Amino acid sequence: MDDVGAYIDNNRQRFVDELVEWVRIPSISSDPTHAKDMARNAEHLAARLRELGAGQVAIWPTAGHPAVFAEWMRATGKPTLLVYGHHDVQPVDPLGEWTTPPFEPSVREGRLWGRGVVDDKGQVYIHAKAIESIVRTSGELPINLRMIVEGEEEIGSANLDALMRDHARELDADFVCVSDTAMFGRGIPSLCVGLRGLTYVEVHVDGPAFDLHSGSFGGGVMNPVNALAQMIAGLHDADGRVTVAGFYDHVLPLKDEDRAQIASLPFDGAGWLRSTGSPAPWGEKGYSTLERVWARPTLDCCGIGGGFQGEGAKTIIPARASAKVSCRLVPDQEPDDIARKLAAHFARVAPPGVRVRVDFLHGGRPYLAPTDHPVFEVAKRAFSKAFGKPTVFMREGGSIPFVRTIADRSGKPCLLMGFGQPDENAHAPNEWLDLENYHLGIKSAAYLYDEIGKM
Ligand code: BES
Ligand code: MN
Ligand code: MN
């Protein structure tokens with residue numbers, strides 16, 4: 001492992017340069033005009049993995065964008081680790097707010113700036129470069145390793161279930177490792193032990209057959225924008241709780257020990273608030289900010305539209321309005337159940353004079369890690385060895401649908417070993433990757449493989 005550490009140090013700059021080449025490919029999964037880039041993106045990764053002596057590298061087509069699979073299975077008698085990541089990225093708008101173009105990655109302030117640098121291309125490369133460092137120094141990996149890098153994570157992983165069913169044998173492993181989360185803070189190695197799930201719906205409210213003159217018809221028919229605004233405004237009560245009937249039915253209450261563990265983390269509430277730019281924190285009464293964003297279910301209107309949006313005034317009763325509504329879920333809430341409850345809620349609260357339709361866009365289930373499994377101590381050791389600091393357990397409020405799916409299907413523990421930073425601007429303009437985290441992340445992954453090899 002000393003050789004490996006030295007190799008990683010000696011190749012620090014090249015590892016960044018190679019990541020830059022991959023980040024240049026605009027692999028935006030949500031935009032059909034980038035479908036060719038998605039394919040090119042998968043081929044680029046597959047080619048790099050092929051150079052690392054993988055026994056098999058394959059591009060797995062799906063009904064949507066392809067996934068990349070690779071395996072190194074020569075460590076007879078050793079455990080098998082499945083590494084998951086995603087090669088698709090979020091859209092880049094508003095483009096004008098980027099300091100440097102999203103697909104022309106550049107280094108400033110010890111950071112690499114560009115779309116996908118941390119979510120998730122940099123974190124996929126952390127594993128690829130750890131594999132390279134071991135293969136080039138000792139010849140073989142100390143464990144069996146399989147890697148799946150999907151191309152539709154940012155759009156809800158609609159084809160992942162089918163992929164996992166069709167390739168169940170190739171995805172078999174003793175442990176799973178996902179690097180697609182952030183660390184608790186700068187230099188603090190953090191294992192994420194909980195993710196929230198997601199239910200995403202779109203609500204359509206229809207009124208008149210076409211936009212009406214608001215002088216001639218205003219006051220005589222229900223206005224869909226007024227109706228939708230009223231429906232959205234009623235989704236929370238004065239205590240910040242969601243008013244949808246049955247929403248909290250299956251929520252596992254936070255245990256005292258979980259609350260104590262979360263409270264023990266060095267959370268800077270004022271700094272966190274400053275990083276948001278919001279004037280004050282808000283949330284469900286009776287919970288701290290970290291509890292609210294990690295371990296309590298929430299509902300948010302992500303977008304709303306309808307009626308006249310152009311310049312100046314136009315006097316109409318709009319024909320329709322719509323809103324995108326997402327719920328973050330915690331164990332044991334189920335995305336389908338929450339979607340049904342949302343649909344029933346909107347149907348019930350819609351005022352007379354409009355028609356309401358609720359479309360289900362996508363969902364994913366929440367995850368809580370079995371932290372009493374010995375592999376968590378092993379991962380803590382590897383992570384701490386690279387960063388020179390004790391590893392903490394944390395959760396994330398975001399969602400990675402694969403994690404719960406593979407955990408349920410395989411019964412194996414999933415390590416969420418993430419190397420992002422809380423203020424990394426994922427999904428936003430000016431996404432960045434901390435280059436020290438990238439470097440130490442490669443060491444962490446190499447040490448993890450080594451430690452698992454000794455289990
Ligand atoms: N890497 C994120 C998940 C994440 C978010 C981890 C926040 C840590 C903090 C992932 O790429 C993501 O964006 N997931 C989506 C999932 C959705 C599209 C199903 C999310 O959380 O919105
Ligand atoms: Mn991600
Ligand atoms: Mn993401």
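Mentor: One term to begin with: a residue is called buried when its relative accessible area is under 20%. Keep in mind, too, that this is a predicted model.

Trainee: Is histidine 86 buried or exposed?
Mentor: Find histidine 86 in strand β3, which covers residues 80–86. Its relative accessible area is 0%. The limit for a buried residue is under 20%, so histidine 86 is buried.

Trainee: Which residue coordinates both the manganese ion (ligand 3) and the manganese ion (ligand 2)?
Mentor: Start from the protein donors of ligand 3, which come from Asp119, Glu154 and His427. Histidine 86 touches two of these residues, Asp119 and Glu154. The two manganese ions are 3.5 Å apart, and the residue coordinating both is aspartate 119.

Trainee: How many residues apart are aspartate 119 and histidine 427?
Mentor: Aspartate 119 sits in helix α4 (residues 117–138), while histidine 427 is in the loop between β17 and β18. Aspartate 119 is buried at 11% relative accessibility, whereas histidine 427 is partly exposed at 41%.

Trainee: What is the geometry of the site of the manganese ion (ligand 3)?
Mentor: Count the donor atoms: there are six. Six donors count as octahedral only if opposite donors are over 155 degrees apart. The angles here run from 56 to 155°, so the site is irregular.

Conventions:
Residues are numbered from 1 along each chain as its sequence is written. Chains are lettered from A and ligands numbered from 1 in the order in which they are written. This is a predicted model: local features need pLDDT of at least 70, side-chain atom pairs count only at pLDDT 80 or more; totals for chains, interfaces and linings use all residues. Side-chain values use heavy atoms; hydrogens and water are left out. Donors are N, O and S atoms within 2.8 Å of the metal (3.2 Å for Na, K and Ca); water is not among the atoms, so sites may look incomplete. Four donors count as tetrahedral if all angles lie between 85 and 135 degrees; four count as square planar and six as octahedral if opposite donors are over 155 degrees apart and all others between 65 and 115; anything else is irregular. Helices (H or I, at least four residues) and strands (E, at least two) are DSSP runs, numbered from the N terminus. Buried means under 20% relative accessible area, exposed over 50%, partly exposed in between (1.4 Å probe, protein chains only). Contact means heavy atoms within 4.5 Å. Lists of a residue's contacts leave out its neighbours within four places in sequence.
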